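Trainee: I have a new model open and would like to go through it with you. Could we start with the ligand and then move on to the fold?

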Amino acid sequence: MQVLVVGAGVVGLAIARTAACRDHDVIVAEATDGIGNGISSRNSEVIHAGIYYPTGSLRARHSTRGRRMLYQFCAAHGVAHNKCGKLIVATDEAEFAKVETLLAQGRENGVEGLELIGGDAARALEAELNCIGALSSPESGIVDSHGYMLALWGDLEDRGGSIAFETPVERLSYSAPHWQVQFGGRDAGTAAFDAVVNSTGLGAQKLARRIEGYPAGMVPPLVLAKGNYFGFARRPVFSRLIYPTPVDGGLGVHVTLDLAGRMRFGPDVEWIDHESYTVDPRRAETFYQRIRTYWPGLPDGSLVPDYCGIRPKLTAPGEKPADFMIAAEPAHGMLRLVNLFGIESPGLTSSL
Ligand SMILES: Cc1cc2nc3c(=O)[nH]c(=O)nc-3n(C[C@H](O)[C@H](O)[C@H](O)COP(=O)(O)OP(=O)(O)OC[C@H]3O[C@@H](n4cnc5c(N)ncnc54)[C@H](O)[C@@H]3O)c2cc1C
């Protein structure tokens, strides 16, 4: 088939590569001038084990399987990564109960190696921690997400696929047996494809509304939840990912590490109504408070505003978190069309 994947984020690239590896002719249309310019360059770069999500959900299934595939892919393609492990820490009895629930959820999801450890055992691993116990997840890790996307792009091109940059898709209509696709930008015009995948992250709902005849009731709401990060301007003190227990809308302000071992904190959850990428320095106050529950030694003046990313959520604050929504023909009745909605965390882990 002639396949069009719209969006060159990590998910679009992974889909395009897989289609090309199965001998389809693949074009990726990307609105900007490079790969990974959307959500994919604004995340924690964590390879999630697959602990948090309801068993059987797409998020649980794709993150556990995707994680195993991602480690293999990174090893085979020389993509920098580190299976550094993670601790989800409990600072009081109520949090310990939550951590126990997470252990049961993770085991049910088939996550390997999970173990509850006491406060002393946690401090033997990470001396600066304040906690009464922790869930240890040895399968969690970090990845150079840009290196990973470059490797996906390389595989795609090796199989004859290509990416058209500065080529936003503006409209789609089905006229048997093809999808007629209208492009804007550098090479504005129309072209025909057998199959189309809408993998445009924050743009997915807007594009779905521009598909002629697509049922309006099948376009879910887009709810924006910004996640802000603060960098740590001192020598790192942790060598594993350190997470508190999850909060509404996110996994809690955690310690993430990059491959050079530098520490940063985030993301928090800021519900917003339009896209904006500035980090308000005043949010540092809440970061200090939250981080000091599990790391009392966080020095004053050590946090500096860093970057932020926006989660494309499908549910509002307080509502039960939505699953990934992969809407194909059985859902909407249109041939060889797939719309991806709500691909927030763990979308990087799940991409393959
Ligand atoms: C704060 C934060 C932290 C996260 N942390 C993690 C983590 O640690 N681990 C993890 O597994 N996941 C994490 N995620 C989730 C992960 O980053 C996303 O699920 C993933 O990057 C989504 O990729 P995507 O390809 O769907 O979207 P994007 O990367 O946004 O790609 C979509 C692309 O489509 C393009 N586009 C939009 N409209 C059009 C159009 N009409 N025509 C052509 N192109 C178009 C955009 O320019 C963009 O390049 C995090 C997300 C956030 C926000």
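Trainee: How far does a backbone N or O atom of I39 lie from an oxygen atom of the ligand?

Mentor: Bearing in mind that this is a predicted model, a backbone N or O atom of I39 lies 2.9 Å from an oxygen atom of the ligand.

Trainee: And what about S40, where does its polar side-chain atom lie relative to a ligand oxygen?

Mentor: A polar side-chain atom of S40 is placed 2.5 Å from an oxygen atom of the ligand. There is also G347, where a polar backbone atom is 3.4 Å from an oxygen atom of the ligand.

Trainee: How much of the ligand's accessible area does the protein cover?

Mentor: On its own the ligand has 1,000 Å² of accessible area, and the protein covers 93% of that.

Trainee: Which residues come nearest to the ligand?

Mentor: There are 38 residues around the ligand, and of these E30, S40, V46, I343 and T349 come nearest.

Trainee: Which helices and strands supply at least two residues of the shell?

Mentor: Among the elements that do so are the helices α1 and α9, the latter spanning 347-350, and strand β19, spanning 303-313, each of which supplies at least two residues.

Trainee: Let's change topic to the sheets. What is the strand order in the open sheet of six strands?

Mentor: The order is β9-β2-β1-β13-β21-β20, and the pairing in this open sheet is mixed. The edges are formed by β9, at 162-164, and β20, at 325-327, each of which pairs on one side only. Neighbouring strands of this sheet are turned against each other by 15° on average, if direction is ignored.

Trainee: Where does α1 sit relative to that sheet?

Mentor: Helix α1, residues 10-21, packs on the sheet and touches β1, β2, β9, β13 and β21, and its direction makes about 165° with that of β2.

Trainee: In which sense do β13 and β21 pair?

Mentor: Strand β13, residues 195-198, and strand β21, residues 337-341, pair in the parallel sense over three bridges. Within this pair, N198 stands opposite N339 in β21.

Trainee: What about the open sheet of three strands, what is its order?

Mentor: That sheet has the order β10-β11-β12 with antiparallel pairing, and its edge strands are β10, at 169-175, and β12, at 189-193, each pairing on one side only. From one strand to the next, the twist averages 25°.

Trainee: How many bridges join β10 to β11?

Mentor: Six bridges join β10 to β11, residues 178-183, and the two run antiparallel; R171 stands opposite Q182 in β11.

Trainee: What sort of peptide bond joins A176 and P177?

Mentor: The bond joining A176 and P177 is cis, with omega about 5°, and P177 has its place in the loop between β10 and β11. A cis peptide bond also joins S345 and P346, where omega is about 5°, and P346 is found in the loop between β21 and α9.

Trainee: Last one: is the phi of D23 positive or negative?

Mentor: D23 has a positive phi of about 70°, although D23 is not a glycine, and this residue is found in the loop between α1 and β2.

Technical notes: Residues numbered from 1 in each chain as written. Predicted model: local features only at pLDDT ≥ 70, side-chain atom pairs only at ≥ 80, totals over all residues. Heavy atoms only, no water. Pairing = 2+ DSSP bridges. Helix = DSSP H or I, 4+ residues; strand = E, 2+ residues; numbered from the N terminus. Axes fitted to C-alpha atoms, helices over the stretch in contact; angles between N-to-C directions. Contact = heavy atoms within 4.5 Å. Near = heavy atom within 4 Å. Polar contact = N/O pair within 3.5 Å; in protein donor to acceptor, adjacent residues only side chain to side chain. Areas by Shrake-Rupley, 256 points an atom, 1.4 Å probe, with all protein chains shown as cover.
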